[in-house]
Amino acid sequence: MAAPPAIPRRGLFIGGGWREPTLGRRIPVINPATEDTIGDIPAATAEDVELAVAAARSAFLLDGGSRWARASGATRAKYLNAIATKIKEKISYLALLETVDSGKPKDEAVADMDDVAACFEFYAGLAEALDGKQHAPISLPMEEFKTYVLKEPIGVVGLITPWNYPLLMATWKVAPALAAGCTAVLKPSELASLTCLELGAICEEVGLPSGVLNIITGLGPDAGAPIASHPHVDKIAFTGSTATGKTIMTAAAQMVKPVSLELGGKSPLVIFDDVADIDKAVEWAMFGCFFNSGQVCSATSRLLLHEKIAERFLDRLVEWAKNIKISDPLEEGCRLGSVISKGQYEKIKKFISTARSEGATILHGGDRPKHLGKGFFIEPTIITDVSTSMQIWREEVFGPVICVKVFKTESEAVELANDTHYGLAGGVISDDLERCERIAKVIHSGIVWINCSQPTLVQAPWGGNKRSGFGRELGEWGLENYLSVKQVTRYCKDELYGWYQRPSKL
Ligand SMILES: NC(=O)c1ccc[n+]([C@@H]2O[C@H](COP(=O)([O-])OP(=O)(O)OC[C@H]3O[C@@H](n4cnc5c(N)ncnc54)[C@H](O)[C@@H]3O)[C@@H](O)[C@H]2O)c1
Ligand SMILES: C[N+](C)(C)CC=O
């Protein structure tokens, strides 16, 4: 088993330096796999948000913006690449910190840190490419005007992020925001902020200009809400629950402040009877809902099985689920760690007991694994005999809990897949690729996976429809989130325009 990492005692990262929160409060950090308190993080309040926003605003405006906002994309790219290099140098340490902070298996945390470095590198590339896209001419049907377009940073952005992929979800916002030339205030989740604070230390090491990125840790209502409602924050990018997303949108609306929202989901995975290799499909179904203990916005937590394979598939799914190594996430080979907190553990247990009381069958799991006496662990859980009115079918659990329904026809499968207020992701597994393409077109979601579940690619757009939010992160769409488009039009003839009559000189 890997040794637990040393937990640094950090302050808030504001204006390029560290400071204690104004009210001096701190929040304990609990390792959810052991229930031990392993450190603490600052609990910022509105007073600290004021300082962070002021630092971000002055970094945005400094020297007419020439230091950051109006510096070349190539200049900003150097910093993003330097951050990526540092992440790679510290990958083992950062992964261990993420593991003890969130309960996710060490191997998953390493993969997340790889993705973090790749995301900074990707947006370094887009920052450089942005230089070549400035002054793009617009083709006009007349000669007296010439028009071009500038892409400018939106300004100071507030980035509010969740705990399930702490540093990765922050990076999905920080990297494109900085690439675009924005300055930022990042507020990670109070349940897992350690690696985001280390990002502050990395910014210091690479000499990122002061105030370009500020990191405020603390509770949502105390440290997140003042960012959302701050008059000098020009945009909010939020990832988290649909309930908090609504609160943030309401606050931002008072100032007509743009928001992008990446919210929850209840995504379907449809599996047809023509799959030759059942185990291949079973593994994707497991990856779709047990990876990161199912605490994944896009978890394919509604499994739709064709009636002809349902029994065989479920037998294999149970066999595979029994085979998952559930352990302290620092142990070699762990594939299911703990969930994030006691609160989340109890919430998931309540979902399972409500499903049972509503008449569903807990086919496998549903409890704490017997070999683990402490820690917030929940067995991979498979629930059958589910009806579409049950809570387990309708609401996001955010835990290792998959609910199953059986279908007879393709149209019934599509109807069930779309039977949700959410619209983040969906998947289809079939050996008939034409059928897969057909279904990809009619699933109401921002992402569809064919013959897999969950691959997340920094180059491709990410985001949802319906109550899963709006706006897209990643790829070039992620950069556009932080850019404002300006039209510049010049009248270029020597003579008068000639609409009004020139007054007589007499
Ligand atoms: N669509 C996506 O890409 C995506 C990715 C990851 C997580 N999620 C969603 O995130 C949720 C789980 O994350 P969570 O429990 O951290 O969500 P959450 O909404 O409880 O918290 C998210 C962030 O918002 C802050 N916050 C809470 N109340 C606030 C307020 N009143 N004003 C401003 N900020 C406030 C929190 O402190 C945290 O930093 C799930 O619903 C999941 O689906 C979505
Ligand atoms: C996109 N992903 C899977 C990394 C995180 C969503 O919760």
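At 16% relative accessibility, Glu152 counts as buried, where buried means under 20% relative accessible area, exposed over 50%, and partly exposed in between (1.4 Å probe, protein chains only). The structure is a predicted model, in which local features need pLDDT of at least 70, side-chain atom pairs count only at pLDDT 80 or more, and totals for chains, interfaces and linings use all residues. Residues are numbered from 1 along each chain as its sequence is written, chains are lettered from A and ligands numbered from 1 in the order in which they are written, and side-chain values use heavy atoms, with hydrogens and water left out.

Glu152 takes part in a salt bridge with Lys486, with 3.1 Å between the closest N and O atoms; a salt bridge is a side-chain nitrogen of Lys or Arg within 4 Å of a carboxyl oxygen of Asp or Glu. The two residues belong to distant parts of the chain, Lys486 being in strand E22 (residues 483-491) and Glu152 in strand E6 (residues 145-153), 334 residues apart. Helices (H or I, at least four residues) and strands (E, at least two) are DSSP runs, numbered from the N terminus. Lys486 is partly exposed, at a relative accessible area of 38%. Side chains of opposite charge can pair when their charged atoms come close.

The count of salt bridges comes to 28. One of them joins the side chains of Arg335 and Asp107, at 3.0 Å from N to O. Arg335 lies in the loop between helix H10 (310-322) and helix H11 (342-357), and Asp107 in helix H4 (residues 106-133), so this pair ties together parts that are 228 residues apart in sequence. Arg335 has a relative accessible area of 47% and is partly exposed. Asp107 is also partly exposed, with a relative accessibility of 33%.

A further salt bridge is formed by the side chains of Asp273 and Lys308, with an N to O distance of 3.9 Å. Here the linked parts of the chain are 35 residues apart: Asp273 is in the loop between strand E12 (268-271) and helix H9 (278-290), and Lys308 is in the loop between strand E13 (302-306) and H10. Asp273 is partly exposed at 26% relative accessibility, whereas Lys308 is exposed, with a relative accessible area of 65%.

Most residues other than glycine have a negative phi, and most peptide bonds are trans. Ser293 has a positive phi, near 55 degrees, and is not a glycine. Ser293 sits in the loop between H9 and E13, and its 4% relative accessibility places it among buried residues. Lys466, likewise not a glycine, has a positive phi of about 50 degrees. Lys466 is in strand E20 (residues 465-466) and is partly exposed, at 40% relative accessibility.

The surroundings of ligand 1 consist of 28 residues, and the closest are Lys187, Glu190, Ser241, Thr244 and Glu396; a residue counts as near a molecule or strand if one of its heavy atoms lies within 4 Å of it. Oxygen atoms of ligand 1 are approached by polar side-chain atoms of Lys187 at 2.7 Å, of Glu396 at 2.6 Å and of Trp462 at 2.9 Å. The protein buries 89% of the 850 Å² that ligand 1 exposes when taken alone, with accessible areas taken from the Shrake-Rupley method with a 1.4 Å probe and, for residues, only the protein chains shown counted as cover. Helix H7 (220-228), strand E10 (235-239) and helix H8 (242-253) each contribute at least two residues to the shell around ligand 1. At least three residues of this shell come from each of domain 1 (11-22 + 30-262 + 467-487) and domain 2 (266-448), the domain bounds being those of an automatic or database domain assignment.

Ligand 2 is surrounded by Asn164, Tyr165, Met169, Trp172, Val296, Cys297 and Trp462. An oxygen atom of ligand 2 lies 2.8 Å from an N or O atom in the side chain of Asn164, and an oxygen atom of ligand 2 is 2.8 Å from a polar backbone atom of Cys297. On its own ligand 2 has 250 Å² of accessible area, of which the protein covers 95%.

Terms used. Polar contact = N/O pair within 3.5 Å; in protein donor to acceptor, adjacent residues only side chain to side chain.
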